[in-house]
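Colleague: I would like to go through this model feature by feature. Please give the general idea each time, then the case here.

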Amino acid sequence: MSALEQLSYYQKKLAFETDSWDLYLAIKNGENIIVVDGRSKEAYQREHIPGAINVPHKEICFNHTAELDKTKIYICYCDGIGCNASTKTAMKLLTLGFQVKELTGGLDWWKRDGYTTEGAEGREGTPVVCGC
């Protein structure tokens with residue numbers, strides 16, 4: 001593999017994924033994003049990223065997304081590396097015309113990196129506040 005091919009691979013990867021730190025900064029800086037939890041309503045109610053909306057991937061269709069703003073970038077997440085709900089959420093939203101990225105490591109890595117969560121089992125951590 002040439003250096004140019006490798007560079008192209010990394011550029012594409014960063015175009016489609018984000019990590020906890022970059023998501024934290026995007027929220028803090030008031031960037032044009034919506035955080036989407038693609039897990040079930042029950043999982044979302046237990047614990048989720050502050051400000052995230054719940055759009056279970058199994059329910060995504062034109063009718064359930066009609067009110068969503070297509071000018072935003074939707075950052076999709078699920079439990080973590082052992083879960084593919086974020087991939088399914090991103091794929092379904094993309095096919096409906098939305099701009100999407102996937103959160104690497106999902107909720108697991110978000111918590112591992114020390115950020116706060118909300119919900120019945122929410123935990124303390126670095127607060128997530130829009131500085132806009």
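Modeller: Begin with His 57, which is buried at a relative accessible area of 11%; buried means under 20% relative accessible area, exposed over 50% and partly exposed in between, with a 1.4 Å probe and protein chains only. This is a predicted model, in which local features need pLDDT of at least 70 and side-chain atom pairs count only at pLDDT 80 or more, while totals for chains, interfaces and linings use all residues. Residues are numbered from 1 along each chain as its sequence is written, and side-chain values use heavy atoms, with hydrogens and water left out.

Colleague: Where is His 57 found?

Modeller: His 57 is in the loop between strand E3 (53–54) and helix H4 (62–65). Helices (H or I, at least four residues) and strands (E, at least two) are DSSP runs, numbered from the N terminus.

Colleague: Which residues is His 57 in contact with, leaving aside neighbours within four places in sequence?

Modeller: Contact means heavy atoms within 4.5 Å. With those neighbours left aside, His 57 contacts Gly 38, Ala 85, Lys 88, Thr 89 and Lys 92.

Colleague: Is Thr 89 buried or exposed?

Modeller: Thr 89 is buried, its relative accessible area being 0%. Thr 89 belongs to helix H5 (residues 85–95). Beyond its neighbours within four places in sequence, Thr 89 touches Val 36, Gly 38, Val 55, His 57, Ile 60 and Cys 76.

Colleague: How should I read the sheet?

Modeller: Strands of a sheet pair through backbone hydrogen bonds, either parallel or antiparallel. Two strands count as paired if DSSP finds at least two bridges between them. Here five strands form an open sheet in the order E1-E5-E4-E2-E3, with parallel pairing. E1 and E3 are the edge strands, each pairing on one side only.

Colleague: How many bridges join E2 to E4?

Modeller: Five bridges join these parallel strands, E2 and E4. H5 packs on the sheet, where it touches E2, E4 and E5, and its direction makes about 155° with that of E4. Axes are lines fitted to C-alpha atoms, for helices over the stretch in contact, and angles run from 0 to 180 degrees between N-to-C directions.

Colleague: Which residues of helix H2 (residues 20–28) are buried?

Modeller: They are Ser 20, Leu 23, Tyr 24, Ala 26 and Ile 27. Seen down the axis of H2, these buried residues fall within an arc of 165°, so they line one face of the helix; the arc is that of the directions from the helix axis to the C-beta atoms. H2 lies across E1, E2, E4 and E5, at about 130° to E2.
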